[in-house]
Amino acid sequence: VLPSPYRPPEALRFPAGLEAGQPAAEAAARDLALHCFRALGRPCIVDLVYMELEGRGVFHRVTRNDERHFARTHAGASGCMHAVLALADGPESARVFTGHLEGSICFPVRGAEPYGWNRCFVPDGVEQTLAELGESMAWVRP
């Protein structure tokens, strides 16, 4: 959970052990959503997105500072973007949804801000990056 005007400060404190260990993404999203619900007393949504590149490992995020370096280093690599969404609607109740999108990394990065996977990830079956697809992104995988 990163600071933003939509995330109250009390939701930013990770539960003990969550940041130290490496639980599965689904468990991490569920646990963090439940933690945020308990801290805020209202429904919370947590999303985790990560990239798994064939033979190159798992990457949890790309920042503005390393987006171009990441794209240059991994250009042409095939992989899968994974998304995990957890909705906590009670102190002990959370639903987890997962999805994935296969594609490859391109360089140079293309498309409008924001930075991140969207500017360097080309889904299988299209020629544009997710950023270039814009609102059409929803049609990549119905």
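Two strands count as paired if DSSP finds at least two bridges between them. The exercises below use a predicted model.

**Exercise 1.** Describe how strand 3 is connected to strand 4.

Solution. 
Step 1. Strand 3 covers residues 78–90 and strand 4 covers residues 93–105.
Step 2. They run antiparallel, with 12 bridges joining them.
Step 3. Two residues lie between the strands, which form a hairpin.
Step 4. Within this pairing, Gly99 of strand 4 stands opposite Ala83.

**Exercise 2.** Work out which residues make up the aromatic cluster.

Solution. 
Step 1. Searching the whole structure gives two aromatic pairs.
Step 2. One of them is Phe59 with Phe70, edge-to-face, at 5.2 Å centre to centre and 75° between the planes.
Step 3. Phe59 belongs to strand 2 (residues 57–59) and Phe70 to helix 2 (residues 67–74), 11 residues apart.
Step 4. Phe70 also pairs with Trp117: the ring centres are 5.2 Å apart and the planes lie at 70°, so this pair is edge-to-face, because the cut-off for that class is over 60 degrees.
Step 5. Trp117 is in the loop between strand 4 and strand 5 while Phe70 is in helix 2, so the pair ties together parts 47 residues apart in sequence.
Step 6. Phe59, Phe70 and Trp117 therefore form one aromatic cluster.

**Exercise 3.** Decide whether Phe70 and Trp117 are buried or exposed.

Solution. 
Step 1. The relative accessible area of Phe70 is 7%, and that of Trp117 is 8%.
Step 2. Buried means under 20%, so Phe70 is buried and Trp117 is buried.

How values were computed:
Residues numbered from 1 in each chain as written. Predicted model: local features only at pLDDT ≥ 70, side-chain atom pairs only at ≥ 80, totals over all residues. Heavy atoms only, no water. Helix = DSSP H or I, 4+ residues; strand = E, 2+ residues; numbered from the N terminus. Phe/Tyr/Trp six-rings, centres within 6.5 Å; stacked < 30°, edge-to-face > 60°. Buried < 20%, exposed > 50% of the residue type's maximum accessible area, 1.4 Å probe, protein only.
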